[in-house]
Amino acid sequence: MKNNERWIIATILFVIAVLASIDIYNDYFEGVALWHISIEAIVGLVALAGVFYLVRGRFRLQHSLAREQQFSKDLQAEAEKWKQVSKKYVKGLSVEIENQLDRWGLTEAEKEVSFLLLKGLSNKEIAEVRGTSTQTVRSQTNAIYSKSGLSGRSELSAFFLEDLLPPQKQETRLEG
């Protein structure tokens with residue numbers, strides 16, 4: 001529900017509660033039956049409960065949004081910090097990857113495709129980025145795998161990235 005809609009509905013419910021209160025006051029002094037006054041009181045209380053619910057929900061949403069915005073800012077700051085800390089390592093890694101691609105004898109186009117494969121792009125995405133057809137990209141990826149002696153995208157990624165990640169610890173089972 002949009003913010004303005006919440007306020008409009010809350011205002012309408014508040015007006016209903018006020019009008020019900022005025023009617024109850026008048027009915028009481030005119031000697032109207034107690035069951036009638038009770039029903040109007042219930043209507044007024046339900047309207048006030050609706051006002052409370054809508055206003056409370058709005059403030060909860062506002063608080064939640066502020067928390068999420070702060071969390072997003074914190075993540076952006078952390079990402080920027082990571083970029084700065086890892087910049088020299090990433091640059092060095094890029095240079096070493098390019099050196100290995102040169103040792104495999106890849107063309108400039110094949111090297112560019114290799115970097116895009118390592119970034120996780122699909123053949124279709126690589127074709128769009130490079131302004132070529134997917135068939136051209138497929139041909140280039142086949143040449144990359146052939147020249148490198150690797151069997152596919154997974155082996156290409158593993159060749160460069162496997163040693164960057166710490167080995168996973170095997171869980172030890174306690175047997176009783």
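Biologist: In which helix is the place of Gln 140?
Modeller: This is a predicted model, in which local features need pLDDT of at least 70, side-chain atom pairs count only at pLDDT 80 or more, and totals for chains, interfaces and linings use all residues. Residues are numbered from 1 along each chain as its sequence is written, and side-chain values use heavy atoms, with hydrogens and water left out. Helices here are DSSP runs of H or I with at least four residues, numbered from the N terminus, and the place of Gln 140 is in helix 5.

Biologist: Is Gln 140 buried or exposed?
Modeller: Buried means under 20% relative accessible area, exposed over 50%, and partly exposed in between, with a 1.4 Å probe and protein chains only. Because its relative accessibility is 12%, Gln 140 counts as buried.

Biologist: Which residues is Gln 140 in contact with, leaving aside its neighbours within four places in sequence?
Modeller: Contact means heavy atoms within 4.5 Å. With those sequence neighbours left aside, the residues that Gln 140 touches are Ala 109, Glu 110, Val 113 and Arg 130.

Biologist: What covers the buried residues of helix 5?
Modeller: The buried residues of helix 5 are Val 137, Gln 140, Thr 141, Ala 143, Ile 144, Tyr 145 and Ser 148. Their cover includes helix 3 (108-118), helix 4 (123-130) and helix 6 (153-161).

Biologist: How many Å apart are the end C-alpha atoms of helix 5?
Modeller: The expected span of a helix is 1.5 Å times one less than its number of residues. For the 15 residues of helix 5 the span should therefore be 21 Å, and this agrees with the separation of its end C-alpha atoms, 21 Å.

Biologist: Why does Asn 142 count as partly exposed?
Modeller: Asn 142 has its place in helix 5 (residues 134-148). The residue counts as partly exposed because its relative accessibility is 48%.

Biologist: How far apart are the C-alpha atoms of Asn 142 and Gly 152?
Modeller: Along the chain, Asn 142 and Gly 152 are 10 residues apart. In the model, the separation of their C-alpha atoms is 8.2 Å.

Biologist: Where is Lys 2 found, and what is its relative accessible area?
Modeller: Lys 2 is found in the segment before helix 1. Lys 2 counts as exposed because its relative accessible area is 61%.

Terms used: Helices (H or I, at least four residues) and strands (E, at least two) are DSSP runs, numbered from the N terminus.
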